[in-house]
Amino acid sequence: MADFFRGRRLRRTAALRELVRENEVRAQDLIMPYFVVDTDDASFRKPIGSMPGQYQLSLQEFEKQVGAAVKNGLRSVILFGIPKTKDGVGSEGYADDGIVQKAVRLCKQRWPELVVVTDVCLCEYTDHGHCGLLRKENGEVTVENDATLTLLARTAVSHAKAGADIVAPSDMMDGRVLAIREALDEAGFDNIPVMSYAVKYASAFYGPFREAAESAPQSGDRKSYQMDPANSREALREATADVLEEADFLMVKPAGPYLDIIRMVRDEFDLPVAAYQVSGEYSMIMAAAQNGWINGDAVAMESLLGIKRAGADLIISYFTEDFLARGLVK
Ligand code: PBG
């Protein structure tokens, strides 16, 4: 009688391993982020120093790059904008001719099938770099919650008008999913889903993104609105609130250091769960790979698999475009 477990039986050949494989990263699970710059310089294409392989792109360069990626099987993008001018109230974020609105219209014209997600937040458009409006009282500066909601809702509606398929609020103001849902419905966009950055931590892993999107807060930090990395029960409260406000997707961000949270959200709710493998996660893998310290492709794939295994249905990842180009995901 056999007396111990022979796990190796099912690992003997590649075909056997594939037969019993439980998780897989598929092209249709991945969303590629792009940074589009409002500029008159059509050939503008600036490497993001802290994110090797990623660029800030003019609308024209963006069109070329996405065109190639779509040929390689790209299905979904999430767009971030870098406006010409910033101000205290983030006007360019909800301007009908804002850079994201222009990029969305371009995408829908050129590739009607492409799923276009827009990040809804003020931090790329405010001169102070915070995700909401600032109020100064007795020398104390706070990020105003309720007054910000109106502007976020306006941003979401302007994205939907431009043709966005999904809007994704990343600001972490309380009540923003409801405010956006109501505004979308009122404007006739009751069919446009909200992908809420429901569980978003105040993470140091966003460092490289803030160079990419030129969105670092000019003073202070985001700890009064983004979550404390030490907390997990709080993630359930945030996600519950967004479910009640009728979010269509729940996102956890960052992804790699928060796999327990992804699993918890997956087990607790039945909405699609998205995970954002953020800039710092990407940059660390790229940096170590460039030094020859790790096998970058293998580590990147293993990280994506870990995120899927934890329960994410879809992943926003900077590896998407390159992995498709090289046939590493299909
Ligand atoms: C905007 C936003 C951020 C990211 C996505 N949307 C930055 C932040 O909250 O500071 C981070 C994405 C990344 O690091 O790749 N609020």
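**View 1. The largest cavity holds about 100 Å³ of space.** A cavity here is a set of points, on a 1 Å grid over the protein atoms alone, where a 1.4 Å probe fits but cannot get out. Points are joined across faces, edges and corners, and the volume is the space filled by probe spheres set on them. Its lining counts 15 residues, and the closest to the centre are Cys-123, Ser-170, Lys-200, Phe-209 and Lys-253; a lining residue has an atom within 4 Å of a point. This is a predicted model, where local features need pLDDT of at least 70 and side-chain atom pairs count only at pLDDT 80 or more, while totals for chains, interfaces and linings use all residues. Residues are numbered from 1 along each chain as its sequence is written, and side-chain values use heavy atoms, with hydrogens and water left out.

View 2. Sorted by class, the lining has seven nonpolar, two polar and six charged residues. Ala, Val, Leu, Ile, Met, Phe, Trp, Tyr, Cys and Pro count as nonpolar, Asp, Glu, Lys and Arg as charged, and the others, Gly among them, as polar.

**View 3. The ligand sits in the largest cavity.** To "sit" there, more than half of a molecule's atoms must lie within 2 Å of the grid points. Look around the ligand and you'll find 17 residues, with Lys-200, Arg-210, Lys-253, Ser-279 and Tyr-318 the closest; to be near, a residue needs a heavy atom within 4 Å. That shell has nine nonpolar, three polar and five charged residues.

View 4. The Asp-119 side chain has an N or O atom 3.3 Å from a ligand nitrogen. Taken alone, the ligand exposes 400 Å², and the protein buries 100% of that (Shrake-Rupley method, 1.4 Å probe).

**View 5. The second largest cavity has a volume of about 40 Å³.** Among its lining residues are Met-32, Tyr-34, Gln-54 and Leu-57. Strand 1 gives the largest share, four residues.

Definitions and conventions: A polar contact is a pair of N or O atoms within 3.5 Å; within protein, one must be able to donate a hydrogen and the other to accept it, and residues adjacent in sequence count only if both atoms are side-chain atoms. On a 1 Å grid over the protein atoms alone, a cavity is a set of points where a 1.4 Å probe fits but cannot get out, and a pocket is an open set with protein on both sides within 12 Å along at least five of seven lines; lining residues have an atom within 4 Å of a point. Helices (H or I, at least four residues) and strands (E, at least two) are DSSP runs, numbered from the N terminus.
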